[in-house]
Amino acid sequence: MGNPAVTTNRGGGSVSLSGISRRYGASQVVSDVNLEARSGEILALLGPSGCGKTTTLRMIAGLVQPTSGEISIDGKPVTTLPVHRRNLGMLFQNYALFPHMTVLENVAFGLSMRGTPKAEMAHRVKQALALTHLTGFEDRMPAALSGGQQQRVALARAIVYQPKVLLLDEPFGALDKKLREAMQIELRQLCNKLGLTTILVTHDQEEALVLADQIAVMRGGRIEQVASAREVYERPASHFVADFIGTSNFIPSAVLESRNGMTTLAGLSGNVFTSSMTTNLGAGEKAIVAVRPESIRLTPGEPSGGETNTISGNVLRTVFKGQSLSVWLDVPGLEFVCALPIEAIGATPPEPGTRWTANWSAERTLIVREQ
Amino acid sequence: MAAGPVAGRFSRPAEMFWTAFSSTRHTGLFLVAPALLFLAIWFLWPVLSMIVSSFSSHSVDGVMVEGITFENYTRLFSSDLYFRILMRTVRIALLTSLCAMVFAYPLAIAIARGGPSLARLVTITILAPLLVNVVVRSYGWQTILNKAGAFAWILKQVGITSPPVLLYTEWAVLIACVHVYLPFMVMPLAAAIGRIDRTVEEAARVAGATRLKVFIRIVFPLSLPGLAVGASLVFSLSSAAYVTPQILGGNFSPLLGTLIEQQILTLNDWPFGAAISTLLIVMVLTVNLVFLNAVNRRFARWTESAR
């Protein structure tokens, strides 16, 4: 069938931040952030709490003034434009619905602020409610709705006036896991359908991976890396990114040589690693080899010798995690964690105390900067 | 005796009392009992006996006639003078509430939404007058509103040659009442505004509302419960005010309080004084019940839950 009335809003606005900083007294919350969200793209600001991601989002909304730098939407500077004139939609962590208004009044609020004629308002509200599967809830009060329904009302309220950009501040934090996953998929489809430029703040790496076209990983008020979900995961730019997104084993190493797109490194206790990642680090310089637990294959016993990208140790403990078995190997200097897919477990699964060897391919050997 | 270390800490009767006290459905009753008892003895009983006395005797040419009677009330409603005073009392109480409301909103917003130092400053400024006796404050207003007072002087400086005489008019009473009862409006209002989720206001601003629209559509309706409490307090207090109208209104614009004082202390007609007091209580109670009921019904809808 398709949705008949949605096609009008194709093409959200592009957002660009150049040199944005914000200081509160002595503490620099956001430092020199440069970001670009292209029209129709979903950009996630990802980082631990206190990394400045929410402040950055609030600066785009206009709720916080940057100390320096410039924000523009569709190429037009909006840094000094008051909040109510920026034409943005925003979803708050606690939904922030108007408790004294019905669902209908909540959704219609933005349109009535814009002086939209009655007939058009009714039509657009109806459309937004249909998009968010809220038809029939018009006369309910927010307090009489479940968390998921309140979330939808907040979403309908934010998209009804066809904003240029949709801002989401930890929007799914208060929902349980099942509902959160369903809402994430739904939101992603909705944003794509409306072509809305969306900027999402989250500390949940999984949420960022599910929703975002581009992920900007933030730390201490700065951007560590901006890249696609896949690139951030497979080619993390720093130790921090590799650690924050997914889990990684970090092996302190030194570069031996780098040529023909291959890098050879020497780890502690003489292990040699090869990586298909190029690096601008010279021979002898320190680097960290990062290996994802799920890239690792496990074989019983000692390595056959002469192979690269192997590390062996006694099994410390194992934990069954549903789709995989986590195995911790006792390697000098670190606990090496491997995620063994259930179907890859052979007749003799790793038992604590037995000796196993982990190996992985050069494509899965990540080289990250030291801090 | 008791084996456990916990049981050993209490003597047996105290322990039994504690068990009976702390874990029954009467616990709440036990907790409010002292205050209820106090009010029953020192407030409810005197009020009831006052109402009874307004029906049990009346004065004929200064002589008390005992017996069940409605004479005091027919006298109250048959005279135009008393009705005018009643209307004036209601009018001043309503106007005081209204003016206090207008002044209270900016102050309450400053307390609830301003920085901690601004909030503290405003709170102290508003509460400080409460430290000064109401008699002293009323005489203070008298010197300000005097024909040769500060107010007249300022008006003269501005160029108004014949300033209006405010002292001993309803205006003087109104001004002083607003001043005296303003804190009772500001504090509940500030509490109500403080309870409004800031992100709700932010959501309204992002959705396109100017600060004025945010106030009209969000802050004002959501602060109504606080406004209701404040208005109810100010209305009740100012309709029963005695000292301020007495000092600033004089005998030219008496209120019910002044009338009661005259009947009881000057004319020694206690039953009639009791009848006026009863009328005052009934009026204040009715206005409060109607008003609070209306606000509560509206507020209940906002918090109704799915369960």
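I began with a term I needed for the sheet: two strands pair if DSSP finds at least two bridges between them. I also noted that I was working with a predicted model.

**Entry 1, a sheet in chain A.** I looked up the strand order and found an open sheet of five strands, S13-S12-S11-S14-S20 of chain A, with antiparallel pairing. Strand S13 (272-275) and strand S20 (366-368) of chain A stand at the edges, and because each has a single partner strand, one side of each is left without a neighbour in the sheet. I then checked the twist, which averages 45 degrees from one strand to the next.

**Entry 2, one pair of strands.** I followed strand S12 (residues 262-267) of chain A, which pairs with S13(A) in the antiparallel sense over four bridges. Which residue of S13(A) stands opposite Thr264(A)? I found Thr274(A) there.

The domain assignment gives domain 1 (6-239) and domain 2 (247-368) for chain A. I noted that the C-alpha centres of these two domains of chain A lie 39 Å apart, and that four residues of domain 1 are in contact with six residues of domain 2. On the domain 1 side of that contact, I listed one nonpolar, two polar and one charged residue.

Conventions. Residues numbered from 1 in each chain as written. Chains lettered and ligands numbered in written order. Predicted model: local features only at pLDDT ≥ 70, side-chain atom pairs only at ≥ 80, totals over all residues. Domains from an automatic or database assignment. Contact = placed C-beta atoms within 7 Å. Nonpolar A, V, L, I, M, F, W, Y, C, P; charged D, E, K, R; others polar. Axes fitted to C-alpha atoms, helices over the stretch in contact; angles between N-to-C directions.
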